[in-house]
Structures are given as structure tokens and as C-alpha cells.
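Here are a few friendly notes to read alongside the model. Take them one at a time, and keep the picture open as you go.

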Amino acid sequence: MILTLLGAPGAGKGTMARLLSKILQIPTISTGALLRDEIESGSELGKEIDSLISKGNFVSDDMVSSLLVKRLQDADCQNGYILDGYPRNESQAEKLSQLGIHLDKAVLLTVADEEIIARLAGRRECPHCRATYHIQHNPSQVDGVCDECGATLQIRADDAPEIIRKRLEIYHKQTEPLIQHFRQNNLLAAVQGAKSVDDTVASVLQALGVTL
Ligand code: AMP
């Protein structure tokens, strides 16, 4: 199964992807996480990416697509995967078609902007395995420590309030038109993302027709 998760920054795509990965036994490919890994590698490309992401801007389609294509060649992607954060605009959706990648579903997590702003203030990320948490809604078992790998959780630089507003603006302008694109292609499954994590997973599984 090949899925993509659509939704504003902070809608819960990362958390949903992590849980769905475990349930469906397919990996999550988060382009944001691939980009942050490149930044942490300290490469020249990473520095360029950092200067864009930290201001809330998109990374160029070519840059992000080439990182994605490279990751999709790994053996664990053979039986399907969950894309988190790609495509993010019409030309990236077009790129998927050019690559011969046919999505089974595009799952849209809908959350109001005010809720997003409140949520991102409490978001924490593992710099090692990229698992995401929320200090109130989805806390790690031990405060500040990743459940998956034990690393110390961090606050993302692009979760600063003024950067969040810019990311939301870009989302509405560039990514939201994809909702109509996927609807027209009969691929859209819209799920209310403002519920509890468990309820949201249950709604997503129902939308995918998966019974446990
Ligand atoms: P995310 O972890 O999905 O919130 O992504 C963090 C940041 O990485 C975004 O705000 C963008 O700057 C960049 N990014 C992630 N995915 C893409 C993409 N598909 N196209 C362009 N930029 C991206």
C-alpha cells in the first residue's frame, strides 16, 4: 500500500505515520525528516536546506524530490510506504506520476489553524529517530526522552510562533490545492484530526478499509 498524509504543519501527520507504520508494517518516509537528517550531516546541501527550513520556506522541488527518490530505493520500501509531507504542491504530485508511483490513498488530517498554533507550541521531536510527541496530547513515557530510542527530545527551530504562521500561509497557498487534486482522482480520505490520537487512528484505518 502506498499512502500519503496531507495536512497543515502540526496536524498530526508524523504521529499518525508512526502509528500506521507499525500497524501496516510499512515504513514512513517523511521528507521533513530526510531534510533534517541532511542538515545534521553538516553537508553544504544541509546548510542550504537549513537556511530555507528555519525561515519557514519550502525547499526546492528538485532537492526534496532527489532525497525522496534516493530513499525509495531502499529495500524496505518494496511492499509500500507512507509518505509524510510529500507531495506538498502540484508539481511534486506531478513528479510522483512521472516516477510511476500510484498512491492508494491520500489521507487528509483536518485541524483548524488556531488548534495548530496551540499544538505546535507543545511539539517535541526526537533528533535521532524523528519520532514526534506532544507534551500534553501525546507525551513520551519519560518526560523529554524518546520512547523509541531513548534520545533527548528537542523543540524544532521552525516551530517558533512567527515561523508557524508563515508555514501555515504556505500550506494554504501551495498544499491545499492538492486536496481538490486528490478528490478529483478519487484518492482523498478526509479525517478529522482534532480528536484524540487513538480516535484519529481508528478513523484513518476505517477510511483505508483496514480491519485489525
Ligand atoms: P515537516 O517535517 O513535514 O513539517 O517539514 C519541515 C520543513 O521541511 C517544511 O516546513 C519545509 O520547509 C521542508 N519540507 C518538507 N517536505 C517538503 C516538501 N515536500 N517540499 C518542500 N519543502 C519540504
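**Notes on the model**

1. Start in strand β4, where alanine 106 is the bridge partner of threonine 4. Strands here are DSSP runs of E with at least two residues, helices are runs of H or I with at least four, and both are numbered from the N terminus. Two strands pair if DSSP finds at least two bridges between them.

2. A word on the source: this is a predicted model, in which local features need pLDDT of at least 70 and side-chain atom pairs count only at pLDDT 80 or more, while totals for chains, interfaces and linings use all residues. Residues are numbered from 1 along each chain as its sequence is written, and side-chain values use heavy atoms, leaving out hydrogens and water.

3. Strand β1 also has 4 bridges to strand β3 (residues 81-84), again parallel. In β3, isoleucine 82 stands opposite leucine 3.

4. Now look at the ligand. Of the 16 residues around the ligand, Thr31, Asn57, Gly85, Arg88 and Gln92 come nearest; a residue counts as near if one of its heavy atoms lies within 4 Å. Helix α2 (residues 31-40) gives the largest share of this shell, 4 residues.

5. The protein covers 97% of the 480 Å² of accessible area that the ligand has on its own (Shrake-Rupley method, 1.4 Å probe).

6. Finally, find arginine 130 in the loop between β5 (123-125) and β6 (132-134). Arginine 130 is buried, with a relative accessible area of 13%. Its side chain makes a polar contact with the side chain of aspartate 37, at 3.0 Å (a pair of N or O atoms within 3.5 Å; within protein, one must be able to donate a hydrogen and the other to accept it, and residues adjacent in sequence count only if both atoms are side-chain atoms).

Note on methods: Buried < 20%, exposed > 50% of the residue type's maximum accessible area, 1.4 Å probe, protein only.
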